[in-house]
Amino acid sequence: MAETNKKMLYRGEIVYIYAYDIAYDIKNEPVTQILGQPTRDYLVSPSKRIPKQMFFYRPRVAEFAGEKRTLGNGQTVEIGKSVKIFGVGAMTVQVRVPFEVERLDELVDYHDLEFGEGGLDDEVGQFAEKVLKDLEPHCVRPVGTLTQAEAYTVFCISGLPGLSGEHGFRAEDWLKANRRRVASLLMQEEDDEVLSEQEVDESTGLYLSYYGDDLVVVDWDSAIIVGQQDALDDMLHIMEVANVQLVELAAYDKVLDEALQRAYSDMNRQPGSLTRKMLQNLRELRIDLARLSDELSNITKFFGDWHLAKTHKNLADRFHLNDWQRIIVEKTRTLDGLYQILLQKRYNVWMLALEAAIVLLFIIDLIVIFIK
């Protein structure tokens, strides 16, 4: 079942996901439009077997009309954009580009998509800035300038050429026969022979297949979805959620790094200079982290669909989300410990001053008695 027949074409679309941290939080009132386009609640419609009771977080999504673009190779395609707003203070921009190729290695160049007038990354960055400006009235403490997006590329193949009609066909068999080509596509390597067997196994090791003709292979920077047409949007939504979690955890990790630097500077000050403002900042930071943990958990309440839940677990493993959370918890404890030391120093100064005042009053009392 190896990829041998060049007359058969791989068809589908490449979906580029860009996740941004845009604010501390999003206000409770719903965002009704984005850049003039109406929004709606995104509702997951699971097509696989699910429990009777389920709950899904519903972000607001706006879809934009397709636009004609000329690729670097001269091909003209129509791309579509959509924006999702998450209550945790993040948004995603999704760009869809159709493709039709003879071989998988032809898709490698699509990782860094170039148009005749510029690159996709630059275009999405400018578009995201416009969206942020439009969303500022709905944001609590919006960021001044967007930082670099957390980008993820998904190759969605509608069907495997020449194989889907075969009796007893399994997408897993296709993956085993083309594992090296799949790995080179995920790793953005034009020559699949340069990869070691260990890297090939690592890149393609996390995959899921529900029906015989569908497949989801996830890596740290990109993924491949085969089939799954009835649940493609939901699968892409789960990948957006995982990227939002990653970008939010990275943003708060940066906040903690800055707070730790301030704490180390405070350690070098005189104990008496530890102001109430510093302690208030620490309390606010701890509240922010508690809110972040709660809201990041809330947007992943999609476990009513087992297949989506397993896909998210694979993505969380690839992105090391648990490690990010552990690092943030450890940094919070370190920050708390540093300020506890500063507080103890301040208490020691107060106690010393109190003891000195008591001794001084005792001496004054003796002097008064002696004079009398």
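Buried means under 20% relative accessible area, with a 1.4 Å probe and protein chains only. Helices are DSSP runs of H or I with at least four residues, numbered from the N terminus.

This is a predicted model, in which local features need pLDDT of at least 70. Residues are numbered from 1 along each chain as its sequence is written.

**Exercise 1.** Find the buried residues of helix H4 and state where they lie around the helix.

*Solution.*
Step 1. Go to H4, residues 197-204. Its buried residues are Val200, Ser203 and Thr204.
Step 2. Look down the axis of H4. The buried residues fall within an arc of 85° (taken from the directions from the helix axis to the C-beta atoms), so they line one face of the helix.
Step 3. Find the cover. It includes helix H3 (179-186), strand E12 (207-208), strand E13 (215-218) and helix H7 (306-319).

**Exercise 2.** Describe the largest pocket and its lining. A pocket is an open set of points on a 1 Å grid, where a 1.4 Å probe fits, with protein on both sides within 12 Å along at least five of seven lines; lining residues have an atom within 4 Å of a point.

*Solution.*
Step 1. Take the volume: about 780 Å³.
Step 2. Locate the centre. Of the 30 lining residues, Ala251, Tyr252, Lys254, Val255 and Glu258 are the closest to it.
Step 3. Name the main contributor. H5 (232-267) gives the largest share, 11 residues.
Step 4. Sort the lining by class: 16 nonpolar, four polar and 10 charged.

Terms used. Predicted model: local features only at pLDDT ≥ 70, side-chain atom pairs only at ≥ 80, totals over all residues. Heavy atoms only, no water. Points joined across faces, edges and corners; volume = space filled by probe spheres on them. Helix = DSSP H or I, 4+ residues; strand = E, 2+ residues; numbered from the N terminus. Nonpolar A, V, L, I, M, F, W, Y, C, P; charged D, E, K, R; others polar. Buried < 20%, exposed > 50% of the residue type's maximum accessible area, 1.4 Å probe, protein only. Contact = heavy atoms within 4.5 Å.
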